[in-house]
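Please consult the sequence and the structure shown below while reading.

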Amino acid sequence: SNLGSPERPLRVAVIGSGPSGFYAAEELLSVPAVGGAGKIQTKVDMFDRLPSPFGLVRFGVAPDHPKIKNVVKVFEKTTSHPQFSFFGNVTIGKDISVVEMQKYYDALIFTCGAQTDNKLGIPGEDLKGSYTATEFVAWYNGHPDYRDRQFDLSQEIAVVIGQGNVAMDVSRILCKTVEELKTTDIAAHALEALSKCKVKEVHLIGRRGPAQAAFTPPEIKEFAELHDCDTIVSAEDLKLNPESEAELADPASAAKKKNYEILKEYSLKAPSGKPKKFVVHFFKGPKELKGSGCIEKLVLEKNKLTGPAGKQKAEGTGQTEEMKCGILFRSVGYRGVPIPGVPFEEKRGIFPNIGGRIINNGQVVPGLYAAGWIKRGPSGVIGTNKPDSVETVQNLIADAANLQPGAQPNTQAVLDFLRGKGVKVVTFADWKKIDAAEIANGAKVGKPREKFTSVAEMLKLV
């Protein structure tokens with residue numbers, strides 16, 4: 001087939017508009033042709049189930065980390081490419097099936113992320129007061145699906161299970177004052193609820209040791225700057241076994257070593273008597289949540305590390321302790337959600353693939369691809385998705401000659417189909433109206449933006 005020629009551009013649908021989706025689009029729109037004679041002609045249509053683009057840059061990055069959101073400027077460059085279109089408020093698998101999509105496109109790249117949380121798998125996990133970190137983050141970031149969630153912030157003792165950057169974000173938001181948050185783009189409903197927050201202690205629980213913590217140095221360092229909160233790390237927890245010492249001595253572990261040094265500084269500082277406490281725990285794993293009707297106590301088991309350097313696992317010692325706990329957030333990894341018509345690997349919660357080519361029972365499924373967290377699982381930072389998306393796109397381009405061309409290669413036909421089903425499709429120009437209104441509404445209250453938190457409000461605006 002002559003897919004990729006000026007007469008018949010290669011048509012790709014990117015499903016999901018977060019970083020991996022935009023990195024895939026950027027790569028698709030700039031691929032040189034084989035043999036270097038000009039470029040392959042591509043047409044990229046990006047779909048998102050929400051009216052707003054940018055995925056976790058909008059709904060995952062903490063409101064008090066505005067610099068990280070600057071990557072949006074890079075993504076906006078891609079949106080101005082004449083062969084790029086954005087269609088928000090469209091759910092693939094519901095508004096239009098995968099098979100129906102294949103009528104209009106030669107290939108589909110799924111970049112829909114990992115939307116749900118792993119469970120702790122312990123008794124009492126579903127007691128009132130037990131939440132996922134994801135729902136809390138999505139709530140304070142104004143995600144329409146989570147705007148009506150209620151969190152019992154009248155409790156004094158909060159526990160966060162997990163030690164990645166998301167666990168740190170949740171802890172930090174709970175430890176900050178309203179003064180520290182009110183000039184960020186935090187959702188208005190969250191700011192209001194947090195202004196009445198009674199939390200005095202936040203306990204961060206990690207199964208392994210300080211050398212294995214998954215947060216990054218800037219995240220732990222930031223706790224030193226908090227207005228009303230002391231950070232507490234016990235010197236006992238910072239004792240290292242020889243394997244952990246070997247891990248920190250490895251030049252590849254510079255960030256982990258920095259983490260350890262920052263933790264050491266905290267352990268040497270006497271608390272200054274600030275009203276809130278952030279307590280970092282290592283070598284402990286949750287065993288059970290207890291309470292009548294809602295959480296009152298958390299049972300933790302003391303762990304020890306076993307195995308060689310670089311592959312140490314936490315193993316329970318049988319020693320347990322109980323701590324008071326009024327509200328708990330679990331942040332122990334994420335998994336993808338299946339889409340009808342796409343193979344799904346239940347164990348890892350991803351779309352099974354080899355180099356981004358989706359497979360079914362070991363066989364490549366022609367025309368279906370994946371990039372980002374739905375491809376490799378939830379790891380890395382925003383930028384980690386770039387090489388990941390590039391790999392998928394390069395494999396797609398290599399397959400171009402053998403793809404089954406879509407029978408109706410026409411973007412307007414897709415729109416007519418969706419609108420015929422009553423779907424209110426939001427274009428990028430529509431989104432810019434929403435964006436401008438959010439920025440204007442934010443300016444009135446001294447915030448970078450005031451997000452619309454309901455899809456209906458956004459649709460009404462456009």
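A polar contact is a pair of N or O atoms within 3.5 Å; within protein, one atom must be able to donate a hydrogen and the other to accept it, and residues adjacent in sequence count only if both atoms are side-chain atoms. Such a contact joins the side chains of Q312 and E247, at 2.7 Å. The model is predicted, so local features need pLDDT of at least 70 and side-chain atom pairs count only at pLDDT 80 or more, while totals for chains, interfaces and linings use all residues. Residues are numbered from 1 along each chain as its sequence is written, and side-chain values use heavy atoms, with hydrogens and water left out.

Q312 belongs to the loop between β12 (297-306) and β13 (313-324); helices (H or I, at least four residues) and strands (E, at least two) are DSSP runs, numbered from the N terminus. Beyond its neighbours within four places in sequence, Q312 has contacts (heavy atoms within 4.5 Å) that include R208, N241, E247 and L305.

| Residue | Relative accessible area |
|---|---|
| Q312 | 3% |
| F151 | 11% |
| F329 | 0% |

The structure contains 23 aromatic pairs, in which ring centres of Phe, Tyr or Trp (its six-membered ring) lie within 6.5 Å. In one of them, F151 and F329 have ring centres 6.2 Å apart and planes at 40 degrees, so the pair is tilted, that is, neither under 30 degrees (stacked) nor over 60 (edge-to-face). Because F151 lies in the loop between α5 (133-140) and β7 (157-161) and F329 in strand β14 (residues 327-330), the pair ties together parts 178 residues apart in sequence.

How values were computed. Buried means under 20% relative accessible area, exposed over 50%, partly exposed in between (1.4 Å probe, protein chains only).
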